[in-house]
Amino acid sequence: MTRRLARRIEHDFDPHDVETVTRVVARAATSERVQAAIVLAAAGDAREAARQAALAGTDWRDVLVNAGLADGDWASALDHHLGR
C-alpha cells in the first residue's frame, strides 16, 4: 500500500477502524487504483470498505465505477483524491 493511500485511510476513517480497513484493503487488491477505489467508495464507513473489498473480489471494475476511477482520467482523479 502506498503512503498516500495510507494517509487517506487515516484521514477518512475512525482511528479505531484504521488498522482493520488497511488490512481489508491490502488483502482485496494489489493495485493502488483498486485499493483507492475501495477507500473512496467507502467514504469513511468501515463496513462499506469491507463491502467494497468483497465486491472487488467479484469484479474490481464495479468498485472503480463506484469510486469514479473507471474513466480514462483516473490517474489525475487519483492524484486529486490522494495527492501526489
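Of the 84 residues in the protein, 39% are buried. The structure is a predicted model. Its secondary structure consists of five helices and zero strands, arranged along the sequence as α-α-α-α-α. The radius of gyration is 11 Å, close to the 12 Å given by the globule rule for 84 residues, so the protein is as compact as a globular protein of that length.

**Dimensions, contacts and surface**

- Along the principal axes, the C-alpha atoms occupy a box of roughly 35 × 30 × 20 Å.
- Among contacts with a separation of 6 or more, 63% involve residues 24 or more positions apart.
- The accessible surface amounts to about 4900 Å², and carbon and sulfur atoms contribute 48% of that area.

- The protein carries 11 positive and 13 negative side chains.
- The centres of these two sets are 4 Å apart.

**Salt bridges**

- Side chains of opposite charge can pair when their charged atoms come close.
- The count of salt bridges in the protein is eight.
- Arg61 and Asp59 form one of these through their side chains, with an N to O distance of 2.9 Å.
- Glu10 and Arg3 form a salt bridge at 3.6 Å, N to O. Glu10 is partly exposed at a relative accessible area of 43%, and Arg3 is partly exposed at 48%.
- Arg84 pairs with Asp79, their closest N and O atoms lying 3.9 Å apart. Arg84 is exposed, with a relative accessible area of 84%, whereas Asp79 is partly exposed, at 25%.

Terms used. Residues numbered from 1 in each chain as written. Predicted model: local features only at pLDDT ≥ 70, side-chain atom pairs only at ≥ 80, totals over all residues. Heavy atoms only, no water. Helix = DSSP H or I, 4+ residues; strand = E, 2+ residues; numbered from the N terminus. Rg over C-alpha atoms; globule rule 2.2 N^0.38 Å. Buried < 20%, exposed > 50% of the residue type's maximum accessible area, 1.4 Å probe, protein only. Contact = heavy atoms within 4.5 Å. Areas by Shrake-Rupley, 256 points an atom, 1.4 Å probe, with all protein chains shown as cover. Lys, Arg positive; Asp, Glu negative; His and termini not counted. Charge placed at Lys NZ, Arg CZ, Asp CG, Glu CD. Salt bridge = Lys/Arg side-chain N within 4 Å of Asp/Glu carboxyl O.
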